[in-house]
Structures are given as structure tokens and as C-alpha cells.
Amino acid sequence: MIKKRPTTAREVAAFTLFSMEEEGAWSDGALHYYLERAKLNLKDRALATRLAYGVVQNQMLCDWYLRHFSSVRLNKIQPRVKICLRLGIYQLVLSDRIPAHAAVSETVGLIRSYGHSNDRTVGFANGILRAIAQAAEQDKLPRLDCPDKESFYSLRYSHPEWLVRLLSSQYGQKETAAILAANNETASVSIRVNRAKMTREAACEKLTEQGFPVHLHPKAEAMLWAENGDIAGGTLFGEGAVTIQDTASAVCVEVLDPKPDAFVLDCCAAPGGKTFYIAERMDNKGKLYACDIYSHKLEKIAEGAKRLGLSIVQPMLQDAAELREGWMEQADFVLCDVPCSGMGIIRKKPEIRYKDEQETEALPEIQAQILKNCAQYVKPGGTLVYSTCTILERENEAIVHAFLQTHPEFEAVPVTHSVFGTAETGMITLLPSVHGTDGFFIAKLRRKL
């Protein structure tokens, strides 16, 4: 991480983007780190967040404008200078709240301070930004010239073309455009209330009193919504009365519908949000194993369970793809929230969209192996839920259909929920553009008696 303490919103955004480029940092982690160091007021924290995420969300489009106005090829521009230019272009072209003169002067200042650049480079950057500012003011920015809708959507919403074409083949062009647009919007903060400690209405009132304005989720019984605010620093979070969890993740647990005194396995449990909700719905009674292959993640699960007062959570070092014979046909409920491409959480981790397609192609084989292995733990009459935080069919429906064809002892169970209605096939894909949640897939299966 950059050692200098940032003092402005634009420095926070720039340092976040530098860390992502130079150290492979995740956007949310780097942004949180620099926001904590900067000690900005709420208005400037919001600006820093909007700028950092805005550049990542629109990187391909910013680069497209940069190519049009630069006399130097992008791969010849110093990395930090290029990042700062993206930051300036985002403010000039894609944000209507920032005066052009401020965007230009502040960006040039960042380049002069952190771009390791000479006066010639500073002049080059200043000329590009002023030209873009003038074109934007005169409504003479170049039009996006693309051969078809998929390539247009790819550029307009800065998603790689392979992903856009894959989504278009699944959902059609219109829904794909809505998904991509939703991916570039700011996600509301989803808060789940620990019903063992407080009612949802009481938590809503208390959080609002403490300066975290929230409102009741209209369709999810355990959830609250907040537009912003770091509730993790509040007393209710520390006391375990509330926790941060996306609505889709909570819906997944409600579809599983675990019961008190049951034997439950959460086979890929980290970071633990679903585990905690499972324990709460079990009234903290029964056996609940939270499995993961990394011991440091199990430590985090144990810490979270302690904060929430959930004594039945038993962290377990266990590879979900390897059989544990002592659990064979013992579990009443098994949750397989398998490793996936993450293409459903682009709103929160916008850089996920830029994964190489080859990185995701090996996942279905791993997912199928985990599902096949963990299905062996389900007792006759027991419930198995397969879930992912992706919206790609090859990691979702295709896995479940193939499993059911080779495992006739299992059947899909129709599910109904207030967030999505009824899924007769037992499978549902939640979409940010439709349900206001993370993109998430849930399949509910039952082992026949």
C-alpha cells in the first residue's frame, strides 16, 4: 500500500486505483484502507467512493475516450498517469456533479505529485483533459461506433465482450443491458437483523437514531436497507444485533429452511454470513459445521459467531471436494455455496468483470465435484441447496441438471419466496436489475426417502 496518508477525496480514489494496479488489491479493501487513513468528512468519503468505483466500472469507456484524444498509445503512457487520466475523464464525461475546471486542475495535480512524470508529461495530460472538457461542454464528444448491440453494450458499460455475448445468449439483449447497467450502479447496504436479539422494527429505529438512516426491506423479512453508512462501527453491530449480508444470501438460507435440533453442514462457509443466519434460524440448537479449506477464514467465522452469540457454529477444516465418511447420509440440511466466477457481485467488486474468460472455464468441473461429494452427506428425506454468486448458466442450471441426471435419488423441490415468487423447477437466479440483490443462483433439492 502507498505509505503517504491521503488528504483529499481524489487522493483516496487515486491511491485505491494505484494499489489495484500495482499490488493486485481488491477495490473494496483498498478503498476502505485509504478512507480510514484519510479521515474525510461524509461528503468527501462519498466522493472518493464514487470516483474510485466509477473509474473501475467505466474503465473500458474511459480508455476509449483516451484513445480518441491522445497522440500517444495507451500502452506507452505511464501506468499512474493513465490511471489519473481515467479519473479525470470519468469526472468530465460521466459525472455531472463536478465542475470541469476542478476535474482538470485536480487531475493534473495528481499526475504532477504521483505520476513520476516530467513537465512534458504534465503538459500532455493537461492538453488531453482540456480537449475532452471542451468537447463535453460543446456536446461534441465522439459517438460510440460499434458494429452490433453486444459490442456497444460492452463499451458503454465497460464489460468484456465475451461476458456480454454470453449473457445475451442467456437473457436476451434487453435484459442483458439492464443487468450491465445495474452492475454499474451503487448497491444499497443490506443489513440483516439478529432476531434472537432484536426485532427488525426496533433495529431500524435504533440505527436511525444513531445516524444510520435505514428502512425496512419491502419483501425480505429479516432485512433492512441503507443507502450508505458504516454500521460496522456502530454499537448494534458490535453487540451482534445486526450484521451486513446481502439479501440474496439471506434468501438462500431461507430456501434451505434449516430447523432447530437438526444436523446441518455449510460446506463452503467462509466468510460465514450464511452460516450465522442458519444458526439463528435453528434457534442456536443442534449441530452446525462451518467448513472451509483455510484456517484463517475459520478463525473469522469463529469471531463472527461469538459476536452474534451463536454457540452451535463449529468451524471445521474440511475440503468440500473430499469425502468425510463419518458424515455419510447423516445431515438433515446441506448447503453447497460453491466457489464461482463471482459474476453476480460486480456491483460490489467491479473489477471482477475483467477476469479472463479462461479463468472461469475450469470452474464447472470443480463445482460439479463439490456438489457430487457433498450430496453424499444428505440423509434420505434431507435437503440439499446448491448456490453461487454468479449468473452464468454454465455454473448454475447446467451443473444442477447434470447432477440430477446422474443422481436419480435426488429431486428438485419447487420453492416460493416473497423476493422472487415461485420457482417450480426448484431453481432461481436472482438479478440486481430485477430483484435489487446481488446476482445469485439457488437450487433446492431433496434426497428421496
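Visitor: Where is the place of Pro271?

Guide: In this predicted model, Pro271 sits in the loop between β5 (262-266) and α14 (273-281). The peptide bond that joins Ala270 and Pro271 is cis, with omega at about 5°.

Visitor: What makes α1 oblique to α2?

Guide: Helix α1 (residues 9-23) and helix α2 (residues 27-38) pack at an angle of about 140°, and their axes are 9 Å apart. Roughly antiparallel requires an angle over 145 degrees, and roughly perpendicular covers 65 to 115; the angle of about 140° therefore makes α1 oblique to α2. The crossing of the two helices is right-handed.

Visitor: Which residues make the contact of α1 and α2?

Guide: From α1 come Val12, Phe15, Thr16, Ser19 and Met20, and from α2 come Ser27, Ala30, Leu31, Tyr34, Leu35 and Ala38. These residues divide into eight nonpolar, three polar and no charged.

Visitor: Why does Lys39 count as exposed?

Guide: The relative accessibility of Lys39 is 64%. Exposed means over 50%, so Lys39 counts as exposed. Lys39 belongs to the loop between α2 and α3 (42-57), and its phi is positive, about 55°, although Lys39 is not a glycine.

Visitor: How do you know that Asp257 is partly exposed?

Guide: Asp257 has a relative accessible area of 26%. Buried means under 20% and exposed over 50%, with partly exposed in between; Asp257 is therefore partly exposed. Asp257 lies in the loop between α13 (247-256) and β5. Its phi is near 55°, a positive value in a residue other than glycine.

Conventions. Residues numbered from 1 in each chain as written. Predicted model: local features only at pLDDT ≥ 70, side-chain atom pairs only at ≥ 80, totals over all residues. Heavy atoms only, no water. Axes fitted to C-alpha atoms, helices over the stretch in contact; angles between N-to-C directions. Helix = DSSP H or I, 4+ residues; strand = E, 2+ residues; numbered from the N terminus. Parallel < 35°, antiparallel > 145°, perpendicular 65-115°, else oblique. Left-handed = near helix turned anticlockwise from the far one by under 90°. Contact = heavy atoms within 4.5 Å. Nonpolar A, V, L, I, M, F, W, Y, C, P; charged D, E, K, R; others polar. Buried < 20%, exposed > 50% of the residue type's maximum accessible area, 1.4 Å probe, protein only.
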